[in-house]
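Here is a friendly briefing on one protein model. Have a look at the fold, and then follow the points below with the structure beside you.

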Amino acid sequence: MGDRLASDSACWLDGLYEVNPLQSTLHRRTTTTGVLVHNVHNLGINPATYTRPAGLLMPLSAKADAPLPQPGVQSLARAFALLHLLGTHHDPGLTLPELATLANIDRTTAHRMIRFLETAGYAEREPAGKRYHLGSAAMALGLRAMNRPPPDSRIVTRMKAVARLTGDAVFLIGRLGDHGHCLHTEEGAHRIKTFDLLTGTSRLLGQGTASMALMARLDNDEIRKHYNRHRAEYEQGGLSLLALLRGVDRSRKLGYVLAGAGGVAGVGYLLPLALEGDLAVSVVSAASRMPVSRRPEIGALLQATFGA
């Protein structure tokens with residue numbers, strides 16, 4: 001029974017949740033040296049929930065006379081920016097003018113690139129509309145990597161360090177639509193045998209410390225719509241919309257998620273977008289090893305390890 005509780009609770013903790021939503025704060029930049037300008041206000045997009053294409057922006061410290069990418073590389077960067085924007089706004093979709101504005105490229109170039117992505121299956125346009133979404137090829141590509149993150153990635157390397165320092169299991173959770181998917185687990189010295197079975201499984205957003213961190217990136221209207229889509233499953237688990245919103249609200253005041261239930265406790269942290277994308281990590285252990293007094297220490301460790 002204890003093992004079952006541990007398995008059920010490791011990625012599904014429903015205690016107090018705290019996470020920092022500032023990871024997705026929009027920083028508008030206006031420069032002519034290749035920085036992508038995100039003019040979201042004119043498009044009616046909420047800047048609090050808009051996430052920029054990770055890894056494609058020049059750092060703030062870049063000099064105005066910094067060399068531009070080679071033409072071929074610049075085209076790739078633009079195409080990947082469009083692909084990332086489609087992923088970020090997959091549910092509502094984006095029109096061609098919105099894509100061009102958000103990627104800071106002219107409409108002709110955006111049209112040429114989106115047509116290429118559409119032909120390759122990485123973008124799809126609504127049959128009766130003008131909005132673009134991710135295509136089936138992009139989804140299939142992502143699914144192939146769901147159970148095995150790059151073994152030498154910065155994230156996995158840091159997860160190993162946290163597992164060594166805490167002695168507890170560290171989970172990597174990625175957002176997969178309305179769910180948080182357990183991508184990878186690093187076991188600590190104090191191993192709980194059922195935890196390694198969680199890699200490759202999915203739970204609804206909010207049903208776990210890391211997935212609550214991912215949910216906090218959404219605005220409250222999006223959370224309400226999400227909850228209504230899965231109301232029966234949430235209610236079956238005893239999680240009301242009010243409780244979920246209160247948890248998200250609390251999560252916007254600390255830099256990490258705190259939770260404890262069913263003999264298991266955990267701390268979750270939303271990864272900066274610059275690392276990989278829509279990902280969060282959590283440290284989970286038996287509640288006896290993670291009393292309330294220890295959880296903020298682990299939260300601070302996650303911030304120091306992954307926040308840089």
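Setting aside neighbours up to four places away in sequence, Arg125 is in contact with Glu118, Lys130, Arg131 and Tyr132, where contact means heavy atoms within 4.5 Å. Arg125 is found in strand E1, residues 123-125. Helices (H or I, at least four residues) and strands (E, at least two) are DSSP runs, numbered from the N terminus.

This is a predicted model, in which local features need pLDDT of at least 70 and side-chain atom pairs count only at pLDDT 80 or more, while totals for chains, interfaces and linings use all residues. Residues are numbered from 1 along each chain as its sequence is written, and side-chain values use heavy atoms, with hydrogens and water left out.

- Arg125 counts as partly exposed, because its relative accessibility is 46%; buried means under 20% relative accessible area, exposed over 50%, and partly exposed in between (1.4 Å probe, protein chains only).
- Arg125 and Ile114 are eleven residues apart along the chain, and their C-alpha atoms are separated by 9.6 Å.
- Thr95 lies in the loop between helix H2 (71-88) and helix H3 (96-103).
- Thr95 touches Lys130 and Arg131, not counting residues up to four places away in sequence.
- Is Thr95 buried or exposed? Thr95 counts as buried, because its relative accessibility is 17%.

**Helix H3 and the residue after it**

- Six of the eight residues of H3 are buried, so H3 is largely enclosed by the rest of the structure.
- The buried residues of H3 are Leu96, Glu98, Leu99, Ala100, Leu102 and Ala103.
- H3 is followed by Asn104, which sits in the loop between H3 and helix H4 (107-119).
- Most residues other than glycine have a negative phi.
- Asn104 is not a glycine, yet it has a positive phi of about 60°.
- Asn104 counts as partly exposed, because its relative accessibility is 40%.

**The nonpolar cores**

- Which residues touch the most other members of the largest nonpolar core? They are Phe171, Phe195, Met215, Ile223, Tyr234 and Leu244, out of 28 residues in that core.
- A nonpolar core is a set of buried Ala, Val, Leu, Ile, Met, Phe, Trp, Tyr and Cys residues joined through side-chain atoms within 4.5 Å.
- At least two residues of this core come from each of strand E3 (169-176), helix H7 (209-215), helix H8 (220-229), helix H10 (241-251), strand E7 (264-270) and strand E8 (279-286).
- H7 supplies the largest share of this core, five residues.
- A second, separate core has 20 residues, including Val267, Leu279, Leu302 and Phe306.

**His226 in helix H8**

- His226 is found in helix H8, and it is buried because its relative accessible area is 1%.
- The side chains of His226 and Tyr234 are joined by a polar contact of 2.6 Å. A polar contact is a pair of N or O atoms within 3.5 Å; within protein, one must be able to donate a hydrogen and the other to accept it, and residues adjacent in sequence count only if both atoms are side-chain atoms.
- Not counting residues up to four places away in sequence, His226 touches Asp178, Leu204, Leu205, Met215 and Tyr234.

- The buried residues of H10 are Leu244, Leu245, Gly247, Val248 and Ser251.
- These residues cover an arc of only 160° around the axis, which puts them on the same side of H10; the arc is that of the directions from the helix axis to the C-beta atoms.
- The buried residues of H10 pack against H7, H8 and helix H9 (231-236).
- The axes of H8 and H10 come within 11 Å and cross at roughly 145°. Axes are lines fitted to C-alpha atoms, for helices over the stretch in contact, and angles run from 0 to 180 degrees between N-to-C directions.
- Asn220, Ile223, Arg224 and Tyr227 of H8 make this contact with Leu241, Leu244, Leu245 and Val248 of H10.

**Gly268 and the whole chain**

- Gly268 is in strand E7, and it is buried because its relative accessible area is 0%.
- The C-alpha atoms of Gly268 and Leu258 are separated by 6.7 Å, and these residues are ten apart along the chain.
- The chain has eleven helices and eight strands, and buried residues make up 48% of its 308 residues.
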